[in-house]
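Have the sequence and the 3D view open as you read.

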Amino acid sequence: MSRIDILQRIVDHGLTCTAAAPLLGLSQRHVHRLVSAYRTQGASGLISKRRGKPSNRGYPAALRNTVLELAREHYADCGATFVAKKLAEHHGVRVSHETVRRWMIGSGLFSGNTRDQAKRAAFEWMRAVLQKRISDEELRRDSGDLAELARLLHYLYGAHLFSRNRSMVILAKNHGLARSVICDFLSISPRTFQTYWRAFEHGGTAELFSRRIMPARKVGNNEVKEAVFSLLHEPPGNYGINRTSWKMADLCRILREKGQPVSAEVVRKITRAAGYRWRKARVVLTSNDPAYSDKLGRIRTILSSLRPDEAFFSIDEYGPFAVKAKPGLTLTAPGEQRTVPQWQKSRGCLLMTAALELSGNQVTHFYSAGKNTAEMIRMMEVLVDQYRDRKKLYLSWDGASWHISKRLLKRIEEHNAAVQSGQGPIIETALLPTGAQFLNVIESVFSGMARAIIHNSDYKSVDDAKAAIDRYLEERNAHFRQHPRRAGNKIWRMEREPATFSEANNCKDPRYR
């Protein structure tokens, strides 16, 4: 297929220049020129017309010799553009730089790579200016009528790099150096060079050295922010995306379709600035008790008006748990992996019943054989004996069957009837809402104890485990006897969850069940 046939297919049948370039063995740019010539001039436009070598006719030989003599004497190491400029300024000889280059190459004035020589000479001149090896007077003579030269020199020698580069661009350009050479020396882009030069041409040094205020970016655009957050608050399913949470790519795509094209980095900066983070949902305990608000309100009323001769107890059981090697979080050396057998022979079973007095932050405990009404009656009697100097004791526990049994309530009524003469404290219960174990403040004590002495433990017997629990609780009680603090603030440093009596606080350690 001839070149004309291929060009006809490009013009008549829509063949692309990209596809035609390898068929013709030419570059895409060359193919574009051929197509343009074919469309305007037909097949005759494809005939290349070579230009002959430009002649030296039109310039007298004496002028050529004068130019070469001046160039050899003063500007032998400079480029043709610089030579032509200086010849016109200082010697009145006006010749194009192409003609000067041709004359200098023909006379052998340039040896080797003339481009490298000119670049080295330009670098040496700019380096000499920066190092003050060229005096201000010489620069003034060389610059001619350059406006505001004094201010350019001031910023060149007494300012930051931000201003030095701008000054050097103007001085070097006025000196006749090529843009590419200046950019290489200053390590700036041609676009930056053009920005500096146009600023100087338009407004002089005032505009050249002025700090430019960047236009408002999309990160600070209120419309973009509103679009991003509005989209985040909608499920992806509203836009036909089969996902339950947003992906960055989907966010950017939907925003672009809604007329707010932004990049992923813009979305990321906007969301981070607003405090958004990717987090998993936290599973919390909830209560479905219809009298939840009433029960919680009563407990809060009791605590808010608790007198010094009264005590409020948070009561619950810990366990039962098997005494054997327990896993847990521990500091481990590199390359080590602590393991605990999944199947172990239990060394015994342990169940503890405990009560936390909120005013003094003291724990009363004993070990039980099971969770039943008898153990609750036993706890009541232990507390009555231990706090016999108080007038009233409030017992707060969850809605387990043995906590609200008829036998227990009857025993409390019998006790209250027996102490009407004032020989002991009156007992009153304050039940927690059903399914609201997270309101039981003693769960915090259990969580701290488990983290301190149960996790990572390997007690050899039940007695060893009991001894560790007794010691932990005794140390805890001694600490709060020396440093009184009501339960509800940050208590016992070893406890993972603060025992704050709050509707929103989950005292139960999620890592221990």
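## Strand pairing around β4

In strand β5, E428 is the bridge partner of Y394. β5 covers residues 426-429 and pairs with β4 in the parallel sense, over four bridges. Strands count as paired if DSSP finds at least two bridges between them.

Strand β1 (residues 310-322) also runs parallel to β4, and five bridges join the two. Here E310 stands opposite K392 of β4. Strands are DSSP runs of E with at least two residues, helices are runs of H or I with at least four, and both are numbered from the N terminus.

β4 itself (residues 392-396) is mostly covered, with four of its five residues buried. Buried means under 20% relative accessible area, exposed means over 50%, and partly exposed lies in between (1.4 Å probe, protein chains only).

## Helix α16

Which residues of α16 are buried? They are Y292, L296, I299 and I302. These residues cover an arc of only 120° around the axis, which puts them on the same side of α16; the arc is taken from the directions from the helix axis to the C-beta atoms. The buried residues of α16 pack against β1 and β4, where contact means heavy atoms within 4.5 Å. On the other side of the helix, S293, D294 and S304 are exposed.

## About the model

This is a predicted model, in which local features need pLDDT of at least 70 and side-chain atom pairs count only at pLDDT 80 or more, while totals for chains, interfaces and linings use all residues. Residues are numbered from 1 along each chain as its sequence is written, and side-chain values use heavy atoms, leaving out hydrogens and water.
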